[in-house]
Amino acid sequence: MTQALLLTTPARNLVRLTIARGITWTCFLAVILFGIEVMDFKLRVVPIIAIIVAMGLFNVATWWRLGQNRQVTDVEYLIHLLIDVTGLTLIFYYTGGATNPAITYYLIPVAMAAATQPWRHACITAASAFVAYSMLMVFFEPVPELRHMIGDSLLTLNVLGMWLNFALCAGLITFVIFRMADTLRQRDRTLSRTREAALRNEQILAVASQAAGTAHELGTPLSTMLMLIDEMKSDPITDMQRADLDLLRSQVDTCKRHLRELVASAERRHSDPPVRVKAAEWLEALIQRWLVMRPDVTYQLHVDDPALPLLADPTLDQAIMNLLNNAADANPQDIAITLSESALKENRREVVISIVDHGPGISIEIASHMGESFISGRSRGLGIGLFLTHSTLDRFGGSVSLYNQTQGGTLTEVRLPHPDTDPSALSSLSQE
């Protein structure tokens, strides 16, 4: 739970503010000790050290608070910025006020508020810094040593201090504020991906609702077709006609089986997680069902490891079936199907299914936008198959990519998590 809180955007920004505060006050302490011990500055040591120690303890308390199970809010972040402005005002009061060369450090909390906070909070921070700066022009304890020349040069300690302050501010702005802005950009990208996923789920739900209605309506005409086929087979017909009727009967049976599986899958979808199967046996059975629908297909199947495991359910069957149909539509002859295992970094492994056809290939535009909407590489296609395939593989934690072969045709590569090396994939599927 603590880690989850640290990943939120306000918590990340508070972490970076704490880091910047630690760097800043450490530099202040070093410069003040150098001025007192080396340059013989006449400063009020006790209140100055007390302020630095107080800010250090506040920074430690902030680290402790970041480990607590409580959300960081914008108001809390504003309070931290105002405490920083207060601490700066106190330390500047005892070290020359507005003549202190580090006085422009007020711009750091102002910039942090402008980059990460709502408009009102940014205005409050800017106004507080402005008022504090203005008061320090009147109320402060002077440090005459700042006007001393450095050796024989024309530089004073004040100018040198301004140079050091510029280096500190430039480093903090480059590192801390850039990282804060980058966190906001990452959050925006995450929100964009979430909205796209929600839109895709709505499209899937619409397709599923339409499919359920269609499955119900197709039951009656398919039963009528089966009855007519049986009646036609009982009449005197030639062997060729009987073979055609047998093929037609098998096609209709396949359609009815798919409709029953569609209804059964919808009923058990929320209760049955994907099951562990041997990928080779699962793929061979899937290909046999595919050949019933596409008897014109010729193929070659190569399996690297017959014992390779895989998590599968009926939706994955349909996703791979869609890709096989696309390959057959491109060119049904000599389709090469390969089942293999791929090793990734951090001891992760993937199950890879490659489908190579000898069709005309696929355009780069379709390949790059696959899964984003209903697109199709065929003039008569609606693109729903590719869309559902992409969504199903994404739910399994996998992916599908299309590549044009140099010798012609398309390589369709499906990557699925190996169940033994990516348990997160199984847990995410179980929560569906």
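Predicted model: local features only at pLDDT ≥ 70, side-chain atom pairs only at ≥ 80, totals over all residues.
**Entry 1, the second largest pocket.** I looked up the volume of the second largest pocket and found about 610 Å³ of space in it. Its lining is made up of 23 residues, and I noted that Val 31, Ile 32, Pro 101, Gly 161 and Leu 164 are the closest to its centre. I then sorted the lining by class, which gave 18 nonpolar residues, five polar ones and no charged residues. Helices α2 (9-37), α4 (74-93) and α7 (157-234) each contribute at least two residues to this lining.

My search of the whole structure returned six aromatic pairs. One of them joins Trp 25 and Phe 28 in an edge-to-face arrangement, with 5.4 Å from centre to centre and 80° between the planes. Because these two residues sit three apart in helix α2, about one helical turn separates Trp 25 from Phe 28. I recorded both Trp 25 and Phe 28 as buried.

I next looked up Phe 92 and Tyr 106, whose ring centres are 5.5 Å apart and whose planes meet at 75°, so this pair is also edge-to-face. The pair connects distant parts of the chain, since Phe 92 belongs to helix α4 while Tyr 106 lies in the loop between α4 and α5 (107-116), 14 residues apart. Phe 92 has 2% relative accessibility and therefore counts as buried, and Tyr 106, with a relative accessible area of 3%, is buried as well.

Definitions and conventions: Residues numbered from 1 in each chain as written. Heavy atoms only, no water. 1 Å grid on protein atoms, 1.4 Å probe; cavity = no way out; pocket = protein on both sides within 12 Å on 5 of 7 lines; lining within 4 Å. Points joined across faces, edges and corners; volume = space filled by probe spheres on them. Helix = DSSP H or I, 4+ residues; strand = E, 2+ residues; numbered from the N terminus. Nonpolar A, V, L, I, M, F, W, Y, C, P; charged D, E, K, R; others polar. Phe/Tyr/Trp six-rings, centres within 6.5 Å; stacked < 30°, edge-to-face > 60°. Buried < 20%, exposed > 50% of the residue type's maximum accessible area, 1.4 Å probe, protein only.
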